[in-house]
Amino acid sequence: MNNYFLKNNKKIKNLILLVSWSLVAVFLIFHHAMWRDEVRNFMLAIGTTSRIHLLGNPHPFLMYKIEQFFYWITDSYRVLPISSFFISFLTLFIVIFLSPFNFKIKMMMAFGYPLLYEYTVMCRNYGVSALLMLTLPLVMNNKKYKYILSGPILFFLANTNVHSSLIVLAFSCLWPLSAWYQNGKKWTDDTRKTVMNSMVGILGFCVCFGTIYPTRYDLAAVRPIKIAFNHDFYFFQHLTFYDFKDYIFSYLGHGPLSKSVYKILSIISYLSIALSTLMLWGDVFLFSVAILVMVGLSVFFYVVYPGEYRHQALWIMLVFALAWMKKNNVQAVHKKTINNIGVASFYTMLGIQCLLSFLLSFHELIEPNSRSKEFYAFMKMHDDIKESPMLSSLDYTLEAMPYYTKKPVFMMSLNDFDYVVPYRGVFNYSLDDLLTAAQKLAACSEYPPLILIVNDSNKTKEFTSKITNIMDEDQEESVRHYMYNQWTFTITSEQKKRFLMNAHEIARYPNGYLEDGFVVYKLNVQNVPKTTCEKK
């Protein structure tokens with residue numbers, strides 16, 4: 001009878017945890033403002049542009065096809081946040097109801113920054129990585145499905161993002177060696193099946209590499225990846241207190257105390273990341289995978305791309321998955337002292353992510369990622385501009401807008417309407433070019449064009465920021481360089497004078513958390529010469 005109540009009590013606690021996570025996640029999604037990275041990938045997935053194809057993108061195919069499938073069913077842009085939530089819901093269901101960990105770890109996984117916000121509210125491909133990575137131990141520990149589903153899961157995991165493909169490569173290379181060794185260095189049926197599934201994983205890595213390289217689109221095409229040590233080496237810095245140095249200094253001042261506190265917290269967080277691998281000590285295969293991935297990703301972040309939180313948090317998902325496999329491996333040797341250090345480190349690492357979640361997950365209530373959502377709301381409030389065409393001093397500032405308007409925006413770099421920016425070629429343009437383009441658009445629209453002049457963001461190390469706009473500068477000539485200096489935008493005093501005679505300011509938006517804000521100007525259509533609409 002007691003066991004019955006204990007089991008039911010456990011199920012109730014797990015259900016409450018899942019419902020609580022769902023309520024918080026839905027609340028955050030409701031207050032979320034889409035930004036260009038999310039919308040750009042979605043627009044590519046549903047085929048809104050003919051200028052960019054899936055081959056040559058820096059992201060492999062899987063997430064595009066998932067979003068394409070959901071959009072095909074619903075025919076609604078709303079499917080973007082809904083699908084992201086659904087994928088994370090499945091992940092949390094697996095973590096809470098099917099994983100062998102205690103309630104504390106499940107709760108920290110649920111309310112840590114990765115699964116509460118970064119992989120759920122943010123509609124990106126990393127949530128699918130988490131789902132597949134945490135499905136893998138479920139399959140690996142099941143004798144019936146281990147050699148049926150492991151290969152396909154590894155294949156699809158490799159095609160969620162480049163970082164996951166590196167994880168799959170490490171896992172797929174070491175797994176056959178481990179099976180061969182455990183079977184007395186003989187070619188047994190178990191070894192053969194392991195090799196076959198590993199080959200499927202390696203094939204997934206090859207498909208990923210073949211679809212993303214050479215990169216023809218996105219920022220990576222403007223700045224080709226070269227083997228050059230261009231980045232500082234910080235070792236999974238975004239999983240630590242690195243991004244909160246300014247917060248600590250703002251509360252404790254800039255004296256020795258704050259510096260000491262920051263150093264101590266940094267040391268603890270870095271050690272927790274590295275020492276969490278000791279959870280796996282006793283299982284040569286799993287421990288080797290963790291060490292190889294940790295070193296491999298560190299080198300990747302140093303040599304190729306420095307990585308943001310979403311990339312580095314895949315490490316947490318991997319350690320959780322490997323620890324799950326070890327719990328069900330009866331052959332694993334348990335070294336109590338060493339394993340306990342790893343467990344304590346894992347708890348510490350998860351605790352830090354919960355703290356980051358508390359500090360960051362609700363930031364959009366104060367500072368949205370993008371100003372696109374509130375700008376669209378502003379447009380809908382005014383009948384005279386609710387359907388106005390838009391153009392900007394920086395094209396990719398507009399990439400989030402089609403999610404709300406359901407229409408393409410005018411891209412200066414293309415001299416045409418589209419949903420996404422191809423990011424190609426050297427481009428020099430001026431305020432006069434913007435004005436001329438807006439006047440041409442006016443001839444083809446019953447609504448006055450809106451011109452967005454993007455803000456600058458100059459954040460200092462002292463957690464102070466000064467937001468300026470090129471239009472506010474009182475200089476003979478002002479220049480801005482964008483896209484790794486590929487694009488140059490110029491304003492002269494004469495151009496500004498002409499511009500302000502033909503357009504007037506109607507709104508200002510400060511910078512968002514992830515995207516720059518802008519000043520909105522409405523074209524004075526009464527000053528535009530009457531011409532025939534010339535559509536491309």
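Modeller: A crossing is left-handed if the near helix is turned anticlockwise from the far one by less than a right angle, and right-handed if clockwise. Helices (H or I, at least four residues) and strands (E, at least two) are DSSP runs, numbered from the N terminus. The model is predicted: local features need pLDDT of at least 70, side-chain atom pairs need 80 or more, and totals for chains, interfaces and linings use all residues. Residues are numbered from 1 along each chain as its sequence is written, and side-chain values use heavy atoms, without hydrogens or water.

Take α9 and α14 to begin. Their crossing is right-handed. The axes of α9 (residues 162-182) and α14 (residues 284-303) come within 9 Å and cross at roughly 150 degrees. Axes are lines fitted to C-alpha atoms, for helices over the stretch in contact, and angles run from 0 to 180 degrees between N-to-C directions. From α9, the contact (heavy atoms within 4.5 Å) takes V162, H163, L166, I167, A170, F171, L174, W175 and S178. From α14 come F285, S288, V289, L292, V293, L297, F300 and F301. By class, that is 14 nonpolar, three polar and no charged residues. Nonpolar means Ala, Val, Leu, Ile, Met, Phe, Trp, Tyr, Cys and Pro; Asp, Glu, Lys and Arg are charged; the others, Gly among them, are polar.

W175 turns up again. S198 sits in helix α10 (residues 189-212). Beyond its neighbours within four places in sequence, S198 touches S172, W175 and P176. S198 has a relative accessible area of 1%, so it is buried. Buried means under 20%, exposed over 50%, and partly exposed in between (1.4 Å probe, protein chains only).

Next, α4 and α7. The axes of α4 (residues 79-98) and α7 (residues 126-140) come within 9 Å and cross at roughly 30 degrees. The two helices are therefore roughly parallel; the cut-offs are under 35 degrees for roughly parallel, over 145 for roughly antiparallel, 65 to 115 for roughly perpendicular, and oblique for the rest. The crossing of α4 past α7 is left-handed. I87, L90, T91, I94, V95 and L98 of α4 meet G127, V128, A130, L131, L134, T135 and L138 of α7. Ten of the contact residues are nonpolar, three polar and none charged.

Now the sheet. It is open, with three strands in the order β4-β8-β7 and mixed pairing. Two strands pair if DSSP finds at least two bridges between them. β4 (427-430) and β7 (477-482) are edge strands with a single partner each, so one side of each lacks a neighbour in the sheet. Neighbouring strands are turned by 15 degrees on average, direction ignored.

β7 and β8 (residues 487-492) run antiparallel, joined by six bridges. V479 stands opposite T490, and Y482 stands opposite W487. Four residues lie between the strands of this hairpin, where M483 takes a positive phi near 55 degrees. Side chains alternate along β7: S478, R480 and Y482 point to one face and are buried.

α20 (residues 431-442) lies across β4 and β8, at about 75 degrees to β4. α21 (residues 493-502) also touches β4 and β8, and its direction makes about 75 degrees with that of β8.
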